[in-house]
Amino acid sequence: MTAHAPRRRAWAAALAALAALWTLACLPATAGEVLDRVQARGEVRVCIWPEYQRITFRDPRSGQLGGLDIDLATALASDLRVRLRFVDSSFVTLVPDLLSSTCDVAMFGIAMLARRTEQLQFATPYLQSDIYAVTTRTSRVVRQWSDIDQPGVLVGVQAGTFMETVLRQRLQYAGLVSIRLPETRERELAAGRVDVFMTDYPYGRALTESTEWAALLSPPKPFHVLPYAHAVKPGDPEWLATLNAFIERVRQDGRLGAAARRHGLERILLN
């Protein structure tokens, strides 16, 4: 080996690094990939969870969608001057649906959990909610918040929601029951298979106002308050900026506040 061999290897490594940087520089920019696709297609695809009352709920009788995020998705499509297509999703399939580009944005009151922010990007938050409890008005087991975390009590949560993780950590004595579709929390409660179930403000208020048997329990002090925002696949700053500008616009022109009042959610609106 000559004395110049290490120097030649160093030069080779440097040239390889420069070549790699040049290749990256010559690649087409992908910052506006989603917005370009939306405009070229003339359609924005919005993932929703159609079981979320007051947020993205499909009426089982009429099939009509309604809720705050249905209104906001409609406004987004209008602002972009494209058609709107809803794609059924859920909290369980949220991440793969976005990463696979099944939809362009998820708009169904998505809590900004740490594990979600590691995989997705979120627009500016527009709501925030604590965890609430739903029991029956005739319950002899859970009548107030302090009755929940007691031995023998079965606490239901929707599988895949952040509440499943939170309650698994916070409950010391009660049993946790993860409820997976097609089963629902209210059916499990009505059937006596759980004594109470945990939800957020939109779902809890809608259920208790639409039934005669459900009662909503508020935590006596903040339990686990989280902001909600619309989620997108990471790596496209232009699309994220488009959504941030949209939230700021509907906040300033009053469309966000009007939608929140229309669906009884002004209490949890972030201004």
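**View A. Trp145, Ile148, Asp149, Leu167, Arg170, Leu171, Met198, Pro219, Pro220, Lys221, Pro222 and Phe223 line the second largest pocket.** This and the other views show a predicted model, in which local features need pLDDT of at least 70 and side-chain atom pairs count only at pLDDT 80 or more, while totals for chains, interfaces and linings use all residues. Residues are numbered from 1 along each chain as its sequence is written, and side-chain values use heavy atoms, without hydrogens and water. The second largest pocket holds about 200 Å³ of space (the volume filled by probe spheres set on grid points joined across faces, edges and corners). On a 1 Å grid over the protein atoms alone, a pocket is an open set of points with protein on both sides within 12 Å along at least five of seven lines; a cavity is a set where a 1.4 Å probe fits but cannot get out; lining residues have an atom within 4 Å of a point. Nine lining residues of the second largest pocket are nonpolar and three are charged, with no polar ones (Ala, Val, Leu, Ile, Met, Phe, Trp, Tyr, Cys and Pro count as nonpolar, Asp, Glu, Lys and Arg as charged, and the others, Gly among them, as polar).

**View B. The largest pocket has a volume of about 240 Å³.** Of its 14 lining residues, look for Glu51, Gln53, Phe57, Pro60 and Glu186 nearest the centre. Strand β3 (56–58) and helices α7 (185–190) and α8 (201–210) each give two or more residues to this lining (helices, H or I, at least four residues, and strands, E, at least two, are DSSP runs numbered from the N terminus). The lining of the largest pocket counts six charged, five nonpolar and three polar residues. While you are here, find arginine 54 in the loop between β2 (51–52) and β3: it has a positive phi of about 70°, although it is not a glycine.

**View C. The largest cavity, at about 110 Å³, is one of two cavities of 30 Å³ or more in the structure.** Its lining has 14 residues, and Tyr52, Phe91, Thr161, Met163 and Asp200 lie nearest the centre. Strand β6 (105–111), helix α6 (162–170) and strand β12 (196–200) each supply at least two lining residues. Eight residues of the lining of the largest cavity are nonpolar, three polar and three charged.

**View D. The second largest cavity has a volume of about 50 Å³.** Around it you will meet Trp49, Glu51, Gln158, Leu181, Thr184, Arg185, Glu186 and Tyr203. By class, this lining has three nonpolar, two polar and three charged residues. Proline 182 sits in the loop between β11 (175–179) and α7.

**View E. One disulfide is present in the structure.** The link runs from cysteine 47 to cysteine 103, with 2.2 Å from S to S (sulfur atoms within 2.5 Å count as a disulfide). Cysteine 47 belongs to strand β1 (residues 43–48) and cysteine 103 to the loop between α4 (94–99) and β6, so the pair ties together parts 56 residues apart in sequence. The link of these two cysteines is left-handed, with -100° about the S-S bond.

**View F. Helices α2 (residues 33–41) and α9 (residues 237–252) pack at about 70°, their axes 6 Å apart.** That makes α2 roughly perpendicular to α9 (angles of 65 to 115 degrees count as such; under 35 is roughly parallel, over 145 roughly antiparallel, the rest oblique). Axes are lines fitted to C-alpha atoms over the stretch in contact, with angles from 0 to 180 degrees between N-to-C directions. From α2, Val34, Leu35 and Val38 meet Glu238, Trp239 and Thr242 of α9 (contact means heavy atoms within 4.5 Å). Four residues of this contact are nonpolar, one is polar and one is charged.
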